[in-house]
Amino acid sequence: MNDEDERAIVDRYGRHVSPTFVRLLGVLGFGRVFVRGEGVYLFDSRGRRYLDALAGFGSANLGHDPPALSAAIVAQLAAKEPGILHVGPSASAARLGEALGRATRSNLEVSLLALSGAEAVDSAMKLARAATGRRGFVSCEGGYHGLDLGVLSVMGNKRIRSPFEPLLEHCARVPFGDAHALERALSSQEPAALIIEPVLGEGGAVLAPAGYLQRARELCDRHGTLLVFDEVQTGLGRTGTLFAFERDGVVPDVLAVGKALGGGLVPVSAAVTTRALYEKAFGSMDRFDVHGSTYAGYAIGSAVACAMLDQCAKPRLLENVCANGAALVEGLSARVGAHPMVRSVRGAGLMVAVELGSPREGLWQKLTAPLVDTVAEKVLGQWLCVKLLEAGVVAQPATQRWNVLKLTPPLTLEREHVETLVDCVGGILDDYPDPARVLRDAGLRVGEQVLRGGAFR
Ligand SMILES: Cc1ncc(COP(=O)(O)O)c(C=O)c1O
């Protein structure tokens, strides 16, 4: 693609889709137009190849051109089944509902089908209200459940919530992992549902402390509150099991899945629940049409989701996630774990985090901690991603914690890609042993970009 064509895309996007996003990309130097994806790689308009450690925020779990999913789309089109059908049961939606229920290996067997992750969680919230007759919700600080108006009420980030307030009443938030706070909130509020991610994704890839999810289950049972696991990001193999809840053996009342269910190719999501809860919420004739949407259960999305579940059922994929996820955590820990601006390296499967900030060990670290933490949060996370992009790696900090570099590559990545990631992150952090250098380089870059009028490239 020549420069003129690239500029036309940027201008059109900046004028008609998202002016702010295009401006933002220009400020630090994120400006690239990606035109092709193949396996674990993305290619920009100038033919440069990048290892994709973001995978559409954990959606393209099988990489960018997964043959099994493409074949499912082709076969579905060839079958000439109606794309959308609301005058009778759809064969594809029926197959998906059954496959989702089977995949949970539990009593969750009825799927409210939808398109986005936000819609899946919103469906869970509606189901919880309709089934319990209660109004409130409890969720976690740092939790992320999408940006639609309903789910914003359970969003764990004030900056993102506040432009849209007032939201739903009777919503309370508790610190993730604090069982006492959860107990207090559930006993005082008696909410319709507790909505929780088994591993906080956009809140910084934070694993639930041992026993926390079991305790949440017990407390929900005691207080008549439904337990909703939002596995929109952790589902479909991301953390090394098909669903993250399997690690703790805690089955929710509603499981929300999305993102990777459509393989990064088509939007499809679901809130999977028990027959009893479905009947309570929507089982009467006068409620048959109070939930749903035109494209819910559409044929191509359902076919892709079934193919995705088939792929995830192959033991090799999950073995790869566990082996390469562990290798990535080990490699990064060895390479950057002792860096003066790295607080921790952690992960669950192939959701791996490098948390930036002061490790706070020793007197000097304690004294400089406020400066290091501020730089890590405001600048270093983004700067690290700019430098990674320049080194040929696409990655982003967690949406709600910019000091956490969150790596969510396709689950199909191989050991050589793990080594590339470790080398790139390590090499860049070697160049930045202290906050002063980060401020100097990032400051110079922003200054340059301002002088260039915020040019995209
Ligand atoms: C845990 C979780 N839930 C819900 C969502 C919202 O999904 P969507 O953007 O498809 O609405 C996200 C998106 O990042 C997520 O990470």
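1. Start with L236, which is buried, with 29 other C-beta atoms within 10 Å. (Buried here means 20 or more other C-beta atoms within 10 Å of the residue's own, exposed means 12 or fewer, and partly exposed is in between, with C-beta atoms placed from the backbone.) L236 has a positive phi, near 60°, and is not a glycine. You'll find L236 in the loop between β10 (226-230) and α11 (245-248). Helices and strands are DSSP runs numbered from the N terminus: H or I of at least four residues for helices, E of at least two for strands.

2. A word on what you're looking at: this is a predicted model, where local features need pLDDT of at least 70 and side-chain atom pairs count only at pLDDT 80 or more, while totals for chains, interfaces and linings use all residues. Residues are numbered from 1 along each chain as its sequence is written.

3. E190 also deserves a look, with a positive phi of about 45° although it is not a glycine. E190 sits in the loop between α9 (179-189) and β7 (193-196). E190 is partly exposed, with 16 other C-beta atoms within 10 Å. For background, most residues other than glycine have a negative phi, and most peptide bonds are trans.

4. On the peptide bonds, check E165 and P166: the bond joining them is cis, with omega about 5°. P166 belongs to the loop between α8 (158-161) and β6 (171-175).

5. Now the whole chain. The protein chain has 17 helices and 17 strands. Its radius of gyration, taken over C-alpha atoms, is 22 Å, close to the 23 Å that the globule rule gives for 457 residues, so the chain is as compact as a globular protein of that length. (The rule is 2.2 Å times the number of residues to the power 0.38.) Along the principal axes, the C-alpha atoms fill a box of roughly 65 × 55 × 45 Å. Buried residues account for 50% of the 457.

6. Domains next, with bounds from an automatic or database domain assignment. Domain 1 is 29-58 + 315-451, and domain 2 is 67-312. Their centres, taken over C-alpha atoms, are 29 Å apart. The contact between them takes 25 residues from domain 1 and 24 residues from domain 2, where contact means C-beta atoms, placed from the backbone, within 7 Å. On the domain 1 side, α14 gives the most, with five residues. That side divides into 13 nonpolar, eight polar and four charged residues. (Ala, Val, Leu, Ile, Met, Phe, Trp, Tyr, Cys and Pro count as nonpolar, Asp, Glu, Lys and Arg as charged, and the others, Gly among them, as polar.)

7. Strands pair if DSSP finds at least two bridges between them. β1 and β2 (residues 41-44) run antiparallel, joined by four bridges. Within that pair, R36 stands opposite F43 in β2.

8. Last, the ligand. Of the 16 residues around the ligand, S116, G117, A118, G146 and V232 come nearest; the cut-off is a C-beta atom, placed from the backbone, within 6 Å. Helix α6 (residues 117-132) contributes the largest share of this shell, three residues. By class, the shell has five nonpolar, seven polar and four charged residues.

Notes: Contact = placed C-beta atoms within 7 Å.
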